[in-house]
Amino acid sequence: MNMLRKVKYLLISFLVIAPCVSLSGSYTGQEFKKPFGLMVEFIREPENTLILDSEPEFSWIIPAEAISQKGYQVIVSSRREFIDSNNGDVWNSGLVISENSSGVSYGGAALTENRKYFWKVRIQDRSGRLTEYSEVQIFRTGRFGDVITTPNVFQVEWINPVSVKKTADGNTLFDFGKDAFGTIQLTYKTEKTDTLIISLGEKLLNGKLDRNPGGTIRYAETKLAVKPGQQNYILKLQPDKRNTTGAAVLLPDSLGVVIPFRYAEIKNADKQISKEDIKQVALFHYFDEKESMFSSSDTILNQIWDLCKYSMKATSFTGIYIDGDRERIAYEADAYINQLGHYSVDREYAMAKRTIEHFMSNPTWPTEWLLHTAMMAYQDYLYTGDTEILEKYYTQLKNKSLFELAREDGLISSQIRSVNGAYMKKLGFRDTSNRIRDIVDWPPAQKDTGWKLATAEGERDGHVMLPINTVVNCLFYNNMKIMAEIAGVLNNHDDQRYFENMAAKVRTAINTKLIDPEKGIYIDGEGSKHSSIHSNMMALAFGLVPEGNKTRVVDFVKSRGMACSVYGAQFLMEGLYLAGEGQYALDLMRSTGDRSWWNMIRSGSTITLEAWDMKFKPNSDWNHAWGAAPANIIPRYLWGIKPKAAGFTEVSVTPQMGNLTFSKIEIPTIRGQIIGEYNVVNEKLKTYLIELPANMKGVFSVGLTESETIFMNGKKVKSSANSLLLNPGVNRIEIRALKSKS
């Protein structure tokens, strides 16, 4: 990875085919390109970690010149001299006729634990020509156990301040530009033994660190003893019991204690401390900022993208998707939004896989959160094409879909007698005295809980909590659809039919029993007379709304504005875009009100907040990735770039640009980057340029007015065509507004 800042990584049947011969020839001279972007277990630099799967998967990116892959050959060797001479003494796959370039399972002799291996790959293109082998990649095995996912490496960056100034009381204030989890490294030479007072924090007040920032916004003061003969110091911080014990995701002891901070203030220094003398020692997991970019004609939207993208990097520090610094606990709903955002900004899949495995034995209490587990596993499958998690945890995923709670009409409730200790154990809870409870959104209103830190209104839009809950059942419907697809992928056709029937049954029940027949909108639950934005936006997001009701549901949702939390905003945005309301969704996304992502930037944070504003959740933190929905909404819905088939063998591109006049995007996939550019040239011409990596096909569709005609690579497309086929390489699309006949 090419970084401007100093980076350090922590954590430490035999057949040979002639080098480049095929009946159809081989690459020569300037035409030649090699496979690149190699990964083992979806790790890009596997030499720096330990592969924990005894049968790892291999992935690579196909050179653009190959266009598509017809076959591949992987060789794995035990020694450098063997791999250099194409001697796959551990495994030589031979020439395998397959288009698959991701998640190719190891097929050689049993690997040895705690051993270094070497591998490379070459491919056969669509014309039958063989490339040369890729560069050699090294991977190391660890101890094989029950887990199938491998953690990526920790990444530490030493960051100098962007500014330094004196405060009114004579202290020195350093601004590192961005909030990050870490500590301080200081170079300080003194002639006497002394004590420096060093304060770290996320928020300023009147030009200096806010020592009482409120909520869970961080501030910490530490004494640092300095003495003659020593120049280099690492600030040792005190652990917070709240986020370093119990269910918290822990860091290795070797990394010490980290807190999130952007600013450092130093008191008692008897000499000037320059920018070069102090560094923010920032802890992340492997992250490549070059893998994605977004820009548009809207400067506010651009800043929101930057905020949300950086939130993916900054909150990666534990290696598992966590809720934020207050608890550092993995929650399924937080993790789902984090997963989609992470996929959208970096070619990183290991963290999501590791988080999914974590949830198998570490579930959390909200009913809806459990229903995000299968959603996470399904997205892992869609984005990587890998079925390993689906295969190993199929029974657990079934259980966490809560299908056993369904009554005869298909609707479920968490408030039934069968939710007992035995059932909680099936869900993965160690403490079987726990019980699942509906959450809808967070925080709730004070009237719902009496919780002193909840605001009077909460974030549920007045949702009436009833045993048969519409939000829960919308998520349950989505789970039934997902489980039907997963069962089909695993060739479990009995289960597939069962879940398909359940999905149909639930859909019918929701649209007959949980809808107001006069208003045509969804009520909050069985017996309710109230309709919240949540009940309606969830129905939109999961495709439950009958065509005849769609206008009324959309109108109701739009009448409520952003009447949900930063978590709920994920599904609000999805529902609006899926209903064709891209302009309204864009307006919400770039709003400058107090319930907006812009308000997070205005507050001074560089990571997304836990809530829209502290007044909506007084104990909020300033480092919560569940608030970063635009990281995935911009590429997946504004640009409409989503996997159409597992592993991105096919992509769908369905943009809804609203009134943007320009946008450019680069997003990673398992098969390489997708690049898009959109321009409104004038009132009669809009252009799209979509560049797909090799070995990927696509479908492009966009809404047209009656006066518009679409051209693909200079050729007019039939007006009856609802979509255009995209090929690897550059696809040029023009939408022309033609003069009507008089």
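1. Let me begin with threonine 470, which is buried at a relative accessible area of 0% (buried means under 20%, exposed over 50% and partly exposed in between, using a 1.4 Å probe and protein chains only). This residue is found in helix α12, residues 470-489; helices are DSSP runs of H or I with at least four residues, strands are runs of E with at least two, and both are numbered from the N terminus.

2. A word on the source: this is a predicted model, in which local features need pLDDT of at least 70 and side-chain atom pairs count only at pLDDT 80 or more, while totals for chains, interfaces and linings use all residues. Residues are numbered from 1 along each chain as its sequence is written, and side-chain values use heavy atoms, with hydrogens and water left out.

3. What surrounds threonine 470, leaving aside its neighbours within four places in sequence? Leu514, Tyr522, Ile523, Asp524, Gly525 and Ser535 are in contact with it (heavy atoms within 4.5 Å). The side chain of threonine 470 also reaches the backbone oxygen of isoleucine 523, at 2.6 Å.

4. On to the rings: the whole structure holds 30 aromatic pairs (ring centres of Phe, Tyr or Trp, the last by its six-membered ring, within 6.5 Å; planes under 30 degrees apart are stacked, over 60 edge-to-face, the rest tilted). Tryptophan 597 and tryptophan 612 make an edge-to-face pair, 4.9 Å centre to centre with 80° between the planes. Tryptophan 597 belongs to helix α18 (residues 597-603) and tryptophan 612 to the loop between α18 and α19, 15 residues apart. Both tryptophans are buried.

5. Two charges sit over rings (NZ of Lys or CZ of Arg within 6 Å of the ring centre and within 35 degrees of the ring normal). Lysine 558 lies over the face of tyrosine 584, 5.3 Å from the ring centre, and the charged end of arginine 595 is over the ring of phenylalanine 616, 4.5 Å from its centre.

6. Helix α19 (residues 630-638) has nine of its nine residues buried, including Asn632, Arg636 and Tyr637. Glycine 640 follows α19 and has a positive phi, near 70°.

7. Last, the open sheet: its seven strands run in the order β20-β23-β24-β25-β30-β27-β28, with antiparallel pairing (two strands pair if DSSP finds at least two bridges between them). The edge strands are β20 (293-296) and β28 (715-716). Two bridges join β27 (residues 708-712) to β28, and phenylalanine 711 has lysine 716 in β28 as its bridge partner.

How values were computed: Polar contact = N/O pair within 3.5 Å; in protein donor to acceptor, adjacent residues only side chain to side chain.
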